[in-house]
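We'll go through a handful of local features one at a time.

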Amino acid sequence: MSPIGHRINPSAPPVPAAILDDFRDAAVAVISDNMNRLHGSKSLRPYHRSGRLIGTAVTVKTRPGDNQTLHKAYEILRAGDVLVVDGSGDLAQALVGEIMMSRAKAIGVAGFVIDGAIRDVDAFVKADFPCYARGVTHRGPYKSGPGEINVPVSVDGMVVMPGDVVIGDADGVVTFDRADAAELLALVRKQEAREADALKAIAEGRLDNAYIGVAKAP
């Protein structure tokens, strides 16, 4: 058994395709609304041009500014995985750049969620590889460790477990346990229907404050 601080655990099984398909078009904002608006990223921003992120979390906890453990994670990354990195929000050194992005894309990795800095932003834009990060710096990483793979991590206020469902769009990132998918999907579908009705009512000039629970003035 590896000592604490150096654990490299096997990845969880991929999230079933049926769950990914159910949530493929669900807005992060709507998912977050139905998790009591308590879960999801706050400061991470997308650095790709467009497109959604959805996949299975492979988590990495690393010393700030050091990406040795990220390189080790490539030994177990699979198509459809999302590399979720707890870099303590440090912006002094970039944890990933064009080479690591290109390698991940070749594997079929779904994207990156980096609580830290990245570099080679133009490459992420041109490749349209989903990447959410806290910031940018040209300064490269150190490669001495330590770090852990597939352990619980804290990423921009989110607790992410290995194997969680990870979803990102232009608004940010949200994660959840696959065991909650069916219950969450039912709530998401109900809100999607309510919002569709509200937008239709706006277009027809019918919407009033009852939609948001505000009583009409007497």
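Asp-128 is partly exposed, with a relative accessible area of 22%; here buried means under 20%, exposed over 50% and partly exposed in between, using a 1.4 Å probe and protein chains only. You'll find Asp-128 in the loop between helix H5 (121–127) and strand E6 (131–136). Helices (H or I, at least four residues) and strands (E, at least two) are DSSP runs, numbered from the N terminus. The backbone at Asp-128 has a phi near 55°, a positive value in a residue other than glycine.

Before going on, some ground rules: residues are numbered from 1 along each chain as its sequence is written, and side-chain values use heavy atoms, with hydrogens and water left out. This is a predicted model, where local features need pLDDT of at least 70 and side-chain atom pairs count only at pLDDT 80 or more, while totals for chains, interfaces and linings use all residues.

Ser-88 also has a positive phi, near 65°, and sits in the loop between strand E3 (81–86) and strand E4 (94–96). For a cis peptide bond, look at the link between Gly-145 and Pro-146, where omega is about 0°. Pro-146 belongs to the loop between E6 and strand E7 (147–149).

Now for Asp-156, in the loop between strand E8 (153–155) and E9. Is Asp-156 buried or exposed? Its relative accessibility is 3%, so Asp-156 counts as buried. The side chain of Asp-156 makes a polar contact of 3.1 Å with the side chain of Arg-134. (A polar contact is a pair of N or O atoms within 3.5 Å; within protein, one must be able to donate a hydrogen and the other to accept it, and residues adjacent in sequence count only if both atoms are side-chain atoms.) Leaving out residues up to four places away in sequence, Asp-156 touches Gly-40, Ser-41, Lys-42, Ser-43, Leu-44, Asp-115 and Arg-134, with contact meaning heavy atoms within 4.5 Å.

Last stop, the largest pocket, which holds about 270 Å³ of space. A pocket is an open set of points on a 1 Å grid over the protein atoms alone, where a 1.4 Å probe fits, with protein on both sides within 12 Å along at least five of seven lines; lining residues have an atom within 4 Å of a point. Of the 15 lining residues, Met-35, Thr-175, Phe-176, Asp-177 and Asp-180 lie nearest the centre. Helix H6 (181–203) gives the most to the lining, three residues.

Conventions: Points joined across faces, edges and corners; volume = space filled by probe spheres on them.
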